[in-house]
Amino acid sequence: MFSAIAKAVHQLADPATRKILWRSFFASAAVFVVLIVAAEWLIAKLRLFDWAALNWTADMLGGIGAFFLALVLFPSVVAAVLGFFVEDVAAAVEAKYYPGLPPPRVQALSEAIVSGLRFAGVAIGLNLLALPFYAIFILVPPVNLLLFYGLNGYLLGREYYELLAARRMAPESIEAVRHVFAGRLFLAGTLITFLSTVPFANLLTPVLATAFMVHMVEGLRGEAAVRPKASR
């Protein structure tokens, strides 16, 4: 896994990836700004006090809360725009590291976008349901962080894996490999979640995570192919 993330970071310097990186950067930034503005607008509409000083305090705290809410939801929401970049990033990685691979099953753009939107809806819903627990455990950071990274690590590991694996594997193989390597994919998803919550670094995450998962898929495909032979 460490080799995969190192190659993914190195991929960012590749000329074929640089143009995609800028598109992803601005799309991710737009998503983050929209999240903050939407959260602040909602908080501003919920004026529970008649006293101006209390309203000002609530707005200030609401702005901070909106920023952190945007950080919480960003890993989920940014998946909705992943479909615009996944094929280009995967093709650039494969051209550099796996030139001998046959042509992949190329997903239609609409298929990738619908998949991203479906995932984003599920992930946002689950994170919103988890918000009260995030708030309850705000004074117990280890529990709070374990809950957040546990939930999103599973979701992002599965989503990125299935999206990239679909280019190279049959549906039954995707499911079988995911079950065998569930722990490793969970760790990969947790790493992606962490990168998605680091300000500025999170704007590069869609490209970085896609490149990372291409290497993960190729590694897992190779291990799955030799496992039956090794067990005989």
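The structure is a predicted model with an average pLDDT of 83 over the protein. A score of at least 70 is reached by 88% of the residues. Among the elements, helix α8, spanning residues 182-196, has the highest mean pLDDT, at 94. The lowest mean, 70, belongs to α3, the helix formed by residues 52-77.

A search of the whole structure for cavities of 30 Å³ or more returned one. The volume of the largest cavity is about 30 Å³. Its lining consists of Glu94, Leu164, Arg167, Arg168, Val214, Val217 and Glu218. Helix α9, which covers residues 205-231, supplies the largest share of this lining, with three residues. By residue class, the lining of the largest cavity comprises four charged and three nonpolar residues, and no polar ones.

Ser76 is located in helix α3, the element with the lowest mean pLDDT in the protein. The relative accessible area of Ser76 is 1%, and the residue is therefore classed as buried, the cut-off being under 20%. When neighbours within four places in sequence are set aside, the contacts of Ser76 are Phe119, Ala120, Ala123, Ile124, Asn127 and Asn152.

Terms used: Residues numbered from 1 in each chain as written. Predicted model: local features only at pLDDT ≥ 70, side-chain atom pairs only at ≥ 80, totals over all residues. Heavy atoms only, no water. Helix = DSSP H or I, 4+ residues; strand = E, 2+ residues; numbered from the N terminus. Buried < 20%, exposed > 50% of the residue type's maximum accessible area, 1.4 Å probe, protein only. Contact = heavy atoms within 4.5 Å. 1 Å grid on protein atoms, 1.4 Å probe; cavity = no way out; pocket = protein on both sides within 12 Å on 5 of 7 lines; lining within 4 Å. Points joined across faces, edges and corners; volume = space filled by probe spheres on them. Nonpolar A, V, L, I, M, F, W, Y, C, P; charged D, E, K, R; others polar. pLDDT = per-residue confidence, 0-100.
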